[in-house]
Amino acid sequence: MDYEALGLKAGIEIHQQLNTKEKLFCHSPTVIRDSDEHFGVVQRYLRVATSEMGDVDRAAQEETMQHRLFTYYTYDTTGLVEIDEEPPAPLNREALDIVLTIAKMFDMTPLPEIHTMRKMIVDGSATSGFQRTALVALNGKIADTCRIETVAVEEEACQRVEDTIFSVDRLGIPLIEITTAPCMKTPEEVHDVAQYIGMTLRSTGRVKRGLGTIRQDVNVSIADGARVEIKGVQELDLIAEVVRREVQRQLSLLAIRDELLARNALVNGEVYDVTKVFAETKSNVLKKAKCILGTVLHGFAGLVGTEIQPGRRLGSEMSDYAKKCGVGGLFHTDELPAYGVTEEEVHILKETLGAGEQDAVIIVAATEQKCRCAMKMIIRRAKMAFDGVPEETRKMLEGGSTAYMRPLPGAARMYPETDVLPVPVSDEYFEAIRMLELLTDKVKRFASEYGMDDGMARQMAYSEQLPLFERAVAEGIRPVFAARTILASLKEANRADGAGIISDDAVIGVMKAVEAGNAAKEAIIDILTACAKGLSVKDAIAKVAPAFSRDELQELARGIVSERVDFIKERGKAALGPVMGVVMKEVRGRIDGKVVSEVLNDELNRIM
Amino acid sequence: MTFNNSDPVTVSFAGLDMEGIYINASGENAVVKLKSGYNICVPKSAVTPRDGAEAPSKPAAVPLEQNEKLPLLSIISTGGTIASTVDYRTGAVSSKFTAEDILRSIPELAEIARYRTLQPYNILSENMNPEMWQELARTIYNEILAGSKGIIVTHGTDTMLYSAAAVSFMLDTTVPVIFVGAQRSADRPSSDNAINAICSAQTGVSELGEVVVCMHSTSSDTSCSLHRATRVRKNHTSRRDAFQSIGRDAVGTVSYPDGKVVLADDAVKRGENSLVLKAELEPACGLLTYYPGMNPAVLDAFKGYKGLVIAGTGLGHTGTDCIEKIAALTAAGTTVVMTSQCMAGSVCDRVYETGRYLLDAGVIEAGNMLPEVALVKLMWVLANAEAKDVKRLMQTNLKGELDVDIRGEN
């Protein structure tokens with residue numbers, strides 16, 4: 001597909017958790033808990049608050065169409081700020097420092113004062129009903145083709161346990177939010193820019209790692225389409241596919257629009273009570289319903305059921321809108337008869353509503369109040385089909401398709417955080433921030449300076465153990481040996497049965513012992529494994545592989561050689577291999593094999 | 001270049017030109033709201049006026065609709081967090097909301113009752129004083145006379161217990177008088193203001209007939225407690241359930257969202273009393289918390305006061321070196337009342353020697369009366385009783401402030 005010809009414009013927002021000691025606006029640690037460990041429960045409702053300009057955010061309004069009671073789990077690692085029972089602490093300077101470092105790496109300009117805002121979020125994921133956020137720096141560069149518009153520091157939201165139950169352990173962990181300009185023109189470019197930003201973030205060594213610690217939102221539009229924001233792409237590998245599917249969806253919606261206009265289609269918005277039509281129905285959903293309402297979409301036949309991206313139809317879009325009212329979904333005649341609804345019932349339904357061949361009928365089943373609300377939303381979405389693509393916030397589904405979440409938020413969702421004072425950022429402060437080497441540059445340096453092959457250089461640079469490696473090198477350990485020990489031996493020792501935590505000091509100590517000849521390379525895994533079980537480096541070496549001195553080796557070698565004088569004289573130089581085998585049996589892991597070979601060679605020469 | 005709040009401006013910063021609305025100055029910098037809604041702070045020199053753009057106008061207020069079939073309640077708004085919003089002068093929260101704004105922002109109230117709204121003043125509660133308590137009591141009295149079936153007083157939480165206790169002593173009420181506030185500001189989606197207000201309206205149409213404080217029972221949004229005005233304290237700086245009854249249970253609870261009001265057996269019921277207002281107060285009264293090592297000269301500051309409440313240690317003590325000064329105060333005509341810093345439990349100055357000296361110095365034991373309540377009661381008693389009756393009245397339960405009347409020793 002020629003994306004540039006379609007006028008694809010994409011931008012991304014990256015949210016990355018920062019690995020700070022404390023949360024952004026309180027002193028709780030930034031640890032994620034198992035929700036089974038919660039010890040407290042708080043239940044709350046959220047209401048839409050008016051912005052300081054006097055207006056109400058449309059996305060927030062839609063989220064609160066149902067008055068929902070949210071349940072929050074609390075832990076012995078969370079406090080009053082997380083449950084909105086206490087004003088926030090001042091902004092965490094450690095987090096600000098990381099964000100300013102990243103801003104500097106993207107060549108951005110910091111704002112002279114950081115003003116914290118409240119971004120209204122009333123879906124339950126924030127106990128206060130807002131997420132605290134502050135712009136920190138503006139206008140940066142990525143590669144030659146793209147621009148970063150803003151970086152902000154903000155609070156992470158709660159983790160959803162299920163439905164309306166949330167866990168507050170994650171709430172308040174600092175995030176950096178990086179927003180690019182809509183400067184990407186192909187799905188692959190979106191992937192590459194996201195990857196580059198992710199790499200830059202990891203180059204700081206101060207961001208959290210693992211699934212869910214980084215999330216990408218993608219903004220996508222095509223010519224004649226509309227801006228759609230897709231939230232929560234967690235895997236980088238899916239990001240290009242999400243863009244491709246969104247382009248497909250927008251193209252399909254535009255095609256549906258053209259077809260509707262060609263057919264002179266019409267949504268008159270009339271709603272009928274069709275509960276009686278289904279009085280004797282076998283459909284489980286309809287049988288239970290107190291009320292069933294229907295509406296006719298004139299000229300929509302076949303289009304409601306048209307696939308617009310894998311697994312999604314125009315009907316799914318309408319269903320997403322209806323669900324805002326608390327109904328489970330809808331039925332449309334493009335998919336009926338099915339789900340226990342018979343052909344005869346469909347026939348009567350269409351006849352009752354006066355629907356023709358070209359028309360589609362939509363029905364919803366629930367309480368009357370929910371049905372009325374849902375019908376309003378369905379009709380609203382059906383009317384939008386005449387305009388093509390509505391501007392929306394959507395969420396990613398498994399595989400890369402998306403579902404409607406809420407309208408795009410407006411400026412009214414932002415409100416100043418009155419409980420936090422502005423934080424000045426002086427020129428001197430920003431200038432003093434140290435620039436960090438990009439991981440991609442590190443890989444190159446490890447190869448050229450340390451003589452690592454590309455695979456090892458990359459593996460080491462991107463490893464979580466990079467700080468340990470850099471410390472080892474700084475303490476004079478040979479880089480390739482350090483990398484091999486950390487990437488291979490340490491990993492293996494960590495996997496051993498009953499392994500505890502092996503401290504960085506222990507790893508460095510073992511490497512130093514080997515380099516000094518006090519322990520054999522071959523014994524590293526065993527020594528580390530012993531350390532993992534709680535022994536000190538010295539004790540581990542003494543227990544697992546007491547070092548064998550050159551003198552002791554000489555004595556041993558002399559003894560073994562003297563018992564085999566005839567054999568050696570017979571074989572000459574070729575005797576080295578078999579004799580070496582005998583010696584190694586005694587000393588393996590206690591002295592370097594190279595030394596054994598040297599000593600043995602001398603001994604053989606002596607008697608030959 | 002000077003700008004006013006809401007002026008359309010262009011910000012040129014970091015190589016970008018951005019449209020926004022001017023908010024205010026911040027030292028050498030200017031705060032501008034961008035189109036995204038973010039406020040950013042840039043050097044003043046980066047801001048220039050923008051033409052052709054209209055400042056956004058505030059949407060017109062929706063007219064209030066009231067159901068004439070529902071009982072009439074009065075909402076008397078005095079300010080506080082329940083009525084607070086951002087103030088761009090300071091950037092902090094101030095109380096500018098009116099009672100009408102409260103009705104508009106909490107539409108559920110209109111389903112419970114119809115309302116008359118009054119605003120005698122609008123302040124944060126730390127700025128309250130006894131004159132305002134008196135004005136409040138008169139306003140409530142007049143509303144009841146005018147046919148109101150219940151009174152809701154919105155009030156800052158910091159000194160709510162003083163105002164509520166003061167109104168308790170000044171007014172014998174026939175209808176529920178409910179003091180309500182919010183611990184978390186009204187401009188946050190999680191504010192406790194709406195549920196507290198809804199629960200107080202439910203109480204307003206209930207069978208209660210006394211002065212109470214209506215606030216969250218727990219940290220959750222599922223119920224409010226009704227605390228007797230003379231037995232309540234704010235026991236936490238910020239939590240929703242900061243208000244707690246001391247030395248007894250709440251006189252009622254209101255569950256949310258069903259609005260069911262459950263009253264304790266000993267709650268005073270609607271119509272049990274006749275309407276009487278005695279709004280005089282003696283303002284020359286003080287409250288002093290004794291602390292170890294306190295210089296007795298501190299007591300000189302209360303010379304000439306009509307009354308002094310001491311929050312003493314434990315059973316009601318001060319250091320023995322204060323006794324002489326206390327005796328001098330009582331001799332000069334200051335009524336000195338002893339309460340305890342312990343909050344729960346009764347004062348008893350007969351157990352230890354120091355206590356007996358204090359009694360000899362003319363100190364009146366205040367039983368299990370809370371120090372703040374003893375202060376406003378003393379103000380009321382001194383203004384409404386003859387000198388010979390002051391001690392007896394201070395030791396007599398008038399509005400639930402004492403568990404029992406205190407027995408005279410002789």
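These questions and answers go through a sheet, a chain contact and the domains of a predicted model.

Residues are numbered from 1 along each chain as its sequence is written, and chains are lettered from A and ligands numbered from 1 in the order in which they are written. Local features of this predicted model need pLDDT of at least 70 and side-chain atom pairs count only at pLDDT 80 or more, while totals for chains, interfaces and linings use all residues.

Reader: Which strands of chain A stand at the edges of the open sheet of four strands?
Author: Strands are DSSP runs of E with at least two residues, numbered from the N terminus, and two of them pair if DSSP finds at least two bridges between them. The order in this sheet of chain A is 2-3-10-9, with mixed pairing. Each edge strand has a single partner strand, so one side of each is left without a neighbour in the sheet: these are strand 2 (40-44) and strand 9 (159-162).

Reader: Which residue in strand 10 of chain A does Gln159(A) stand opposite?
Author: Strand 9 and strand 10 (residues 165-167) of chain A run antiparallel and are joined by three bridges. Opposite Gln159(A) stands Ser167(A).

Reader: Which strand of chain A gives the largest share of the side that touches chain B?
Author: Residues are in contact if their C-beta atoms, placed from the backbone, lie within 7 Å. The contact takes 41 residues from chain A and 36 residues from chain B. On the side of chain A, the largest share is four residues, from strand 7.

Reader: How far apart are the centres of domain 1 and domain 2 of chain B?
Author: Domain bounds come from an automatic or database domain assignment, which gives domain 1 (8-49), domain 2 (72-277) and domain 3 (285-394) in chain B. Taken over C-alpha atoms, the centres of domain 1 and domain 2 of chain B are separated by 41 Å.

Definitions and conventions:
Contact = placed C-beta atoms within 7 Å.
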